[in-house]
Amino acid sequence: MTTALVVDDSRAMRKLLQRMVEHLGFSAIEAGHGQEALEVLESHQDCGIALVDWNMPVMNGLDLVKNLRSQRRYDRLKIVMVTSEASPRNIYEAMKAGADEYAMKPVTPEILHDKFSLMGVQVPQTAATGA
């Protein structure tokens with residue numbers, strides 16, 4: 001089972017996104033900011049997806065994406081920026097930094113499913129069909 005890392009400084013948003021990815025058939029782990037995400041990833045080498053908020057204390061999402069993309073061991077990690085930052089400039093900066101996809105809050109399980117599919121992440125059949 002693929003593990004998804006949910007990184008957001010809002011505990012409520014982390015729990016909401018965690019439930020969504022679990023509904024899609026993935027296991028989920030969480031972090032409250034970018035630096036914590038790096039620490040969590042150290043002990044979760046099976047993590048295949050990261051959902052990353054932009055605005056967070058300690059280390060923001062854009063800096064986290066840049067940090068992850070500077071390390072070869074995270075080359076296979078798929079990153080989705082999930083944020084309320086909706087300007088074309090922000091989208092450009094996130095993609096330039098190495099994000100694979102960009103989703104604007106509020107997101108739904110269907111939006112996440114579509115983003116995962118666009119990145120080539122296999123969504124478990126039972127989650128995709130709702131069975």
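The following questions and answers explain the terms applied to this predicted model.

The structure is a predicted model, in which local features need pLDDT of at least 70, side-chain atom pairs count only at pLDDT 80 or more, and totals for chains, interfaces and linings use all residues. Residues are numbered from 1 along each chain as its sequence is written, and side-chain values use heavy atoms, with hydrogens and water left out.

Q: What makes S2 and S5 edge strands of the sheet?
A: The open sheet has five strands in the order S2-S1-S3-S4-S5, with parallel pairing. Strands are DSSP runs of E with at least two residues, helices are runs of H or I with at least four, and both are numbered from the N terminus. Two strands pair if DSSP finds at least two bridges between them. Strand S2 (27-31) and S5 each pair on one side only, and these are the edge strands.

Q: How do you know that strand S1 and strand S3 pair?
A: Five bridges join S1 (residues 3-7) to S3 (residues 47-52), and the definition asks for at least two. The two strands run parallel, and Leu5 stands opposite Ala50 in S3.

Q: Why is Ala31 called buried?
A: A residue is buried under 20% relative accessible area, exposed over 50% and partly exposed in between, with a 1.4 Å probe and protein chains only. Ala31 has a relative accessible area of 0%, and is therefore buried. Ala31 is found in strand S2. Leaving aside neighbours within four places in sequence, Ala31 is in contact (heavy atoms within 4.5 Å) with residues including Leu5, Val7, Arg14 and Val40.

Q: Why does Glu93 count as buried?
A: Glu93 has 19% relative accessibility, so this residue counts as buried, the limit being under 20%. Glu93 lies in helix H4 (residues 88-97). Not counting residues up to four places away in sequence, Glu93 touches Trp54 and Leu62.

Q: How do you know that the buried residues of H4 are on the same side?
A: The buried residues of H4 are Asn90, Glu93, Ala94 and Ala97. They cover an arc of only 95° around the axis, which puts them on the same side of H4; the arc is that of the directions from the helix axis to the C-beta atoms. An α-helix has 3.6 residues a turn, so residues three or four places apart point the same way. On the other side of H4, Pro88 and Lys96 are exposed. What covers the buried residues includes H3, strand S4 (78-83) and strand S5 (101-104).

Q: Why are H3 and H4 called roughly parallel to each other?
A: Angles under 35 degrees count as roughly parallel, over 145 as roughly antiparallel, 65 to 115 as roughly perpendicular and the rest as oblique. Such angles run from 0 to 180 degrees between N-to-C directions, and axes are lines fitted to C-alpha atoms, for helices over the stretch in contact. H3 and H4 pack at an angle of about 20°, with their axes 8 Å apart; they are therefore roughly parallel. The contact is made by Leu62, Val65, Lys66 and Arg69 of H3 and Glu93, Ala94 and Ala97 of H4.

Q: What classes of residue make up the contact of H3 with H4?
A: Ala, Val, Leu, Ile, Met, Phe, Trp, Tyr, Cys and Pro count as nonpolar, Asp, Glu, Lys and Arg as charged, and the others, Gly among them, as polar. The contact has four nonpolar, no polar and three charged residues.
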